[in-house]
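Please read this briefing alongside the sequence and the 3D structure shown below. It is written for someone who is new to them.

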Amino acid sequence: MSLLYKNLKNIYREKPALEFLSPLEETYLFIRDFLKLALERNNEYVNPSDYSIKYGQDMLNSLNLFLNISQSAYPILSRYYYISCDECDSPTIVSSMNKLYECTHCKYPLDITSDTKETFSNIHYIFKINPEIRKELNYDLKGQPSSSSNFVEEGDQTPYSEAPNLSMLIESQDENYTGVVEEKASIKENLLRFAEGI
Ligand SMILES: [Zn+2]
């Protein structure tokens with residue numbers, strides 16, 4: 001059994017609500033295909049928007065799936081925050097909200113504590129493939145003769161600035177989206193910490 005399948009199965013065991021939102025067997029095939037494509041393209045990050053478009057899934061549901069498979073003892077992905085700087089237009093990509101206070105290029109302050117809808121709309125979710133999973137998929141790819149189905153088309157990727165954003169997550173009221181619910185709780189805690197100046 002592949003590590004990807006094993007981890008996914010363990011995650012579904014921990015979070016049974018996922019089966020109704022994104023059935024395991026189907027999701028395994030989609031995720032496997034999606035991550036392999038990202039590796040073929042040498043993409044450093046994967047965008048839930050692309051997953052949502054490619055496999056006809058609801059955007060919030062795709063974000064929820066990605067969050068769930070990164071918030072686990074059996075990680076498949078790791079979550080990152082992406083924001084584009086107003087001053088120099090460069091991307092800042094960090095793994096924790098605590099690191100999201102200045103542009104990593106020009107040091108321009110990123111005022112994420114002003115909880116306006118616009119600010120939250122500028123913070124996007126992108127993900128990195130877990131190193132062990134990456135190794136396994138790369139190994140699979142090497143053993144595969146290149147076929148037309150692996151043909152890499154240009155121009156069908158959405159920019160990170162169109163990845164699901166924090167505003168979308170905060171507005172969600174659906175308790176079934178356990179990944180979103182957990183992430184929301186952690187965001188709230190972080191924003192409070194910012195507000196208190198800690
Ligand atoms: Zn900047």
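The points below are grouped by topic, after a short note on the model.

This is a predicted model, in which local features need pLDDT of at least 70 and side-chain atom pairs count only at pLDDT 80 or more, while totals for chains, interfaces and linings use all residues. Residues are numbered from 1 along each chain as its sequence is written. Helices (H or I, at least four residues) and strands (E, at least two) are DSSP runs, numbered from the N terminus.

**Nonpolar core**

- The largest nonpolar core has 36 residues, where such a core is a set of buried Ala, Val, Leu, Ile, Met, Phe, Trp, Tyr and Cys residues joined through C-beta atoms within 7 Å.
- At least two residues of this core come from each of helix 1 (3-14), helix 2 (18-21), helix 3 (24-40), helix 5 (59-68), strand 1, strand 3 (124-129), helix 7 (131-142) and helix 8 (166-171).
- Phe 66 and Ile 69 have the most contacts inside the core, a contact being two residues whose C-beta atoms, placed from the backbone, lie within 7 Å.
- Leaving aside residues up to four places away in sequence, Ile 69 touches Leu 8, Ile 11, Ile 76 and Leu 77.

**Helix 1 against helix 3**

- Helix 1 and helix 3 pack at an angle of about 140°, and their axes are 11 Å apart; axes are lines fitted to C-alpha atoms, for helices over the stretch in contact, and angles run from 0 to 180 degrees between N-to-C directions.
- The contact is made by Leu 4, Tyr 5, Leu 8, Lys 9 and Tyr 12 of helix 1, together with Leu 24, Tyr 28 and Arg 32 of helix 3.
- Helix 1 and helix 3 are therefore oblique to each other, given that angles under 35 degrees count as roughly parallel, over 145 as roughly antiparallel, 65 to 115 as roughly perpendicular and the rest as oblique.

**Strand pairing**

- Strand 1 (residues 77-84) pairs with strand 2 (residues 91-94) in the antiparallel sense over four bridges, and two strands pair if DSSP finds at least two bridges between them.
- Tyr 82 has Ile 93 in strand 2 as its bridge partner.
- The two strands form a hairpin with six residues between them, and Asp 89 in the turn has a positive phi of about 70°.

**Positive phi in loops**

- Asn 42, in the loop between helix 3 and helix 4 (48-54), has a positive phi near 60° although it is a residue other than glycine.
- Asn 42 counts as exposed because it has 7 C-beta neighbours inside 10 Å; a residue is buried if 20 or more other C-beta atoms lie within 10 Å of its own, exposed if 12 or fewer, and partly exposed in between, with C-beta atoms placed from the backbone.
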